[in-house]
Amino acid sequence: MKKLIIVFVVLIILIFSACSSAAPETNIPAEPEATAEVQTEDTGTAEAVSEAPESDDLPYAVVYEETFEVFNPYREVLSSELLASVGADAFSGTDREIAEQILQWQNEHMKYIGNPMEKADISYPMRWNYFLPGIFPVSAMLTERVLPDGKIYGLCWDYASIYCSIATTYGLETRVTAVKKLLSDINPSIDKSTSRGMSYNEYEALNQKLAENDVEFTFDQIARVARETWAHYRAEVFLDGEWVGMDGSGPVGEGYDEFDEALWYEGYNNQLLYEPNAELAFLSSVCEALKNAPVDGYEGITDDAGNAHRAANKFDLNAGMGLAPYFSNAEDAIAFLDVPAEYAKELLIEEAEIQEEFESLTDQDFYVIADALIFNALEEIDAEGYAEYYKALTGVDIPLMFAEQITQ
């Protein structure tokens, strides 16, 4: 079947979090054996990144060779020189006492800024480390994000990651947790279409970090992996057999009290970032996201087949909110996909013919949206592959015999 051309517009606004005295001299604990290196800005020398436990390993085999080796930004072991330069080199006592001292240090040496009009780069470490972990390490945050009064500025994510890195350097066990809600879900005024992608201005800023690491990614590569991040993050430290929250960014509003662990690699998608076939990578990403569809609390729409909680628009589908809806006529399906006018007519004629033939022969519903997405990504595909993608997008099995006819 002829490859279909569907343009997905994914520009992003800056989505940021909704989280609104000297100790006695002591020696910093020895750094654990290094497994990776990261370039720091304070000395220009390579700093060790602590060896991550098994639970920090990427949960899947790397599909494509990486030009940037990702690492856990929450566990960067900081040099004694860097800690001294920011006044965080003299904590001592029990684990609990050190944990409290780090929190007090944040209260004295950091400033929360939540308004991008005040600092346009406020969300950059949070967003960039989400899809490319380690690209904006804590060591750089401590030296580059400094106000004239010497305070380090940031969002709740900055507070959480900086806390964890300092605590890790002192030998404490930490993790980052998040209120796993999206601001675009909490605030109806935020357009869901902004939940994916990246603006050109932000991409230009990211390019400076990429250049520092001798890495090149095109705008299209970054735009297809950039995502809206969680509404609020905090650090937690394991003390006396339980996880204790350490939220230096201050109190948050009602509804921000349910925290789950935010794994350092949860936003990283090697295949989507490196796959040269952007359409195929995008399709694979959507199918992966739809494994959990519909997400809890998603209303969506009831489609023409009576299926509830189906994706209400292409952006919700792309984000994995709800499965592809069924429309009884191909015109509504093409409208859902928002295909450019120059391609819509040809696509509509082709899909309408397939739908009519399928439904007359099988007495089953045919999901035009799934068919269009599959052939937008793949010029050729076998029947088994088509059937797998079709089910991933719709939750419905398609007769293999008919899949063979479609893919011939």
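A salt bridge, as I use the term here, is a side-chain nitrogen of Lys or Arg within 4 Å of a carboxyl oxygen of Asp or Glu. Helices are DSSP runs of H or I, at least four residues long, numbered from the N terminus. Keep in mind that this is a predicted model.

I start with the pair K209 and E212. Their closest N and O atoms are 3.3 Å apart, which puts them inside the cut-off of 4 Å. Both residues sit in helix α7, residues 200-212, and because they are three residues apart there, about one helical turn separates them. E212 is partly exposed, at 41% relative accessibility. K209, at 5%, is buried.

How many salt bridges does a search of the whole structure find? The search gives 13. One of these is formed by R175 and E236, at 2.9 Å from N to O. R175 belongs to strand β5, residues 174-179, and E236 to strand β6, so this pair ties together parts that are 61 residues apart in sequence. R175 has a relative accessible area of 23% and is partly exposed, while E236 has 4% and is buried.

E288 and K291 also meet through their side chains in a salt bridge, 3.0 Å from N to O. Here E288 is partly exposed, with 45% relative accessibility, and K291 is exposed, with 60%. There is also a network of salt bridges, in which D121, R145 and D158 are linked.

Which residues form the negative surface patch? They are D304, E331, D332, D363 and D365. Of these I take D332 as an example: its place is in helix α12, residues 330-337. D332 has 35% relative accessibility and therefore counts as partly exposed.

Now the aromatic residues. The structure has 17 aromatic pairs. In one of them, W264 and Y265 are arranged edge-to-face, with 5.5 Å from centre to centre and 80 degrees between the planes. Both W264 and Y265 are buried. Elsewhere in the list, one aromatic cluster is made up of Y326, F358, F366, Y367, F375, Y386, Y390 and F402.

On to the backbone. The peptide bond between A293 and P294 is cis, with omega at about -5 degrees. P294 lies in the loop between α10, residues 278-289, and α11, residues 314-318.

The loop between α10 and α11 also holds H309. H309 is not a glycine, yet its phi is positive, at about 60 degrees. With 32% relative accessibility, H309 counts as partly exposed.

Positive phi turns up again at D240, another residue other than glycine, where the value is near 50 degrees. D240 is found in the loop between β6, residues 232-239, and β7, residues 242-246. Is D240 buried or exposed? Its relative accessibility is 68%, so D240 counts as exposed.

Last, a contact across the sequence. E100 and M246 are 146 residues apart along the chain, and their C-alpha atoms are separated by 8.3 Å. E100 is in helix α2, residues 95-109. Its relative accessible area is 40%, which makes E100 partly exposed.

Terms used: Residues are numbered from 1 along each chain as its sequence is written. This is a predicted model: local features need pLDDT of at least 70, side-chain atom pairs count only at pLDDT 80 or more; totals for chains, interfaces and linings use all residues. Side-chain values use heavy atoms; hydrogens and water are left out. Patches are made of residues with over 30% relative accessible area and no salt bridge: like charges are joined within 9 Å, nonpolar side chains (Val, Leu, Ile, Met, Phe, Trp, Tyr) within 5 Å. Accessible areas come from the Shrake-Rupley method with a 1.4 Å probe; for residues, only the protein chains shown count as cover. Lys and Arg count as positive and Asp and Glu as negative; His and the chain ends are not counted. The place of a charge is taken as NZ of Lys, CZ of Arg, CG of Asp or CD of Glu. Helices (H or I, at least four residues) and strands (E, at least two) are DSSP runs, numbered from the N terminus. Buried means under 20% relative accessible area, exposed over 50%, partly exposed in between (1.4 Å probe, protein chains only). Rings of Phe, Tyr and Trp (its six-membered ring) pair if their centres lie within 6.5 Å; planes under 30 degrees apart count as stacked, over 60 as edge-to-face and the rest as tilted.
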